[in-house]
Amino acid sequence: MLQSFADFMAYRVFGLTPLSPLGGAVDFFIYDTIKIFIMLALIIFLVSLIRSFFPAERTKKLLSHKREFLGNILAALLGIVTPFCSCSAVPVFIGFVESGVPLGVTFSFLISSPMVNEVALIMLWGLFGWKIAAIYIGTGLIVAIVGGIIIGKLKLEYLVEEYVYNIKMTETELAALTWKERINYAGGYVLDILKKVWLYVVIGIAIGGFIHGYAPADFLVKYAGPNNFFAVPLAVLIGVPLYSNAAGIIPIVHVLMEKGMAMGTVLAFMMAVTALSLPEMIILRKVLKPKLIGIFIGIMSVAIIFVGYLFNAIMG
Amino acid sequence: MNLKILGTGCSNCAKMEKATREAVAKLGIVADIEKVEDMARIMSYGVMSTPALVVNEEVKITGRVPNVAKIIEILQTELNK
């Protein structure tokens, strides 16, 4: 139905010729934009409703004094449902450490939470299909679990700023929300996110549509195909400064894949965009010494590059 | 009445402060409104997701910005105590 609407707009209303590059680009743009916005609104609403049951305070209780390994798995999973933005990374970190969540488990949460975020997932699902979205979730969780276990094993507690250990928290029992409040919260959250990402989504899809219509089909095989050894690390390097633009990046990556970018390279690039973010590192500097931030970035880069090579080897 | 807005200076914290001031003005009550940005003090309330609203040293809302009506409701309940 959406496709016929897009066809109607592109070929009837704008009078473009089907199969022409411009017609193809416009058709693609209309179809993807409408689809993505419908998905964003519906799914973010549902996700927010679920999240209203998992405030960070509750997640903290669930994770406190958990043993490593099991704790890492639980933390990575809770990272998906606990509402989190990089602006609350510091209180979440301090709260976890203060209540006895092991450092490695805390890191599993800090890795999975931004990486397996709902906007990236919806865009991946909508544009690449559920299989690739599922692969992204699965590998993202594994990276978060393994990364956290390694940091835990390295015994890096001394690289956390000392004042963190001196902060004392009180336990607060918050009144449970009513359904009306949950729905209000979810609705407000949808608007917040849409306001934040709509322009990136539109621009991303527009650029994607342009490449879709004009670039030859094997345009990228040589540079970003499975046989170029440097494609994965390069993709990671390019991904780091693009944080918070996952919404705009995914439509572009989608057409890049269509034009020959290898699957592993796509995954590595996406993970670098969401999980290795410069602003978050700067925020985390308030609680972590530079050396620990360096180790964190190092482990994440290696893990992400490994994921890229692995999937290129399997699927390329 | 003593009101505190806990937040590290994100945009939602500013929205929370604005909504709180509006609620206080609409109720026409006298309230002492303080914005707490010091991390140790924020954490001492047991709050991990900002912004948060504290009424007479009791945490009422965390991690979201309520609408003005909701804040008025909270303040009214507190007044009737």
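# Close-up views of a predicted model

**View 1. The hairpin of β3(B) and β4(B) has two residues between its strands.** Here B:N56 takes a positive phi near 45°. The two strands pair in the antiparallel sense over four bridges. Two strands count as paired if DSSP finds at least two bridges between them. Strands are DSSP runs (E, at least two residues) and helices are too (H or I, at least four), numbered from the N terminus. In β4(B), B:V59 is the bridge partner of B:V54.

This is a predicted model: local features need pLDDT of at least 70, side-chain atom pairs count only at pLDDT 80 or more, and totals for chains, interfaces and linings use all residues. Residues are numbered from 1 along each chain as its sequence is written, chains are lettered from A and ligands numbered from 1 in the order in which they are written, and side-chain values use heavy atoms, leaving out hydrogens and water.

**View 2. Four strands of chain B form an open sheet in the order β2-β1-β3-β4, with mixed pairing.** β2 (32-36) and β4 (58-62) of chain B stand at the edges, each with a single partner strand, so one side of each has no neighbour in the sheet. From one strand to the next, the twist averages 20°. Angles run from 0 to 180 degrees between N-to-C directions, with axes fitted as lines to C-alpha atoms, for helices over the stretch in contact. Helix α1 (residues 11-27) of chain B packs on the sheet and touches β1, β2, β3 and β4 of chain B. Contact means heavy atoms within 4.5 Å. The helix direction makes about 160° with that of β1(B).

**View 3. Strands β1 (residues 2-6) and β3 (residues 52-55) of chain B pair in the antiparallel sense.** Which residue in β3(B) is the bridge partner of B:K4? The partner is B:V54.

**View 4. Chain B and chain A bury about 1700 Å² between them.** Buried area is the accessible area (1.4 Å probe) that two parts lose on being put together, summed over both. Of this area, 62% is on carbon and sulfur atoms. In chain B, B:M43, B:M48 and B:R64 lose the most area to chain A, together 41% of what that side buries. The contact takes 18 residues from chain B and 21 residues from chain A.

**View 5. A:E181 forms a salt bridge with B:K70.** Their closest N and O atoms are 2.4 Å apart. A salt bridge is a side-chain nitrogen of Lys or Arg within 4 Å of a carboxyl oxygen of Asp or Glu. Across the interface of chain B and chain A, the rule finds two salt bridges.
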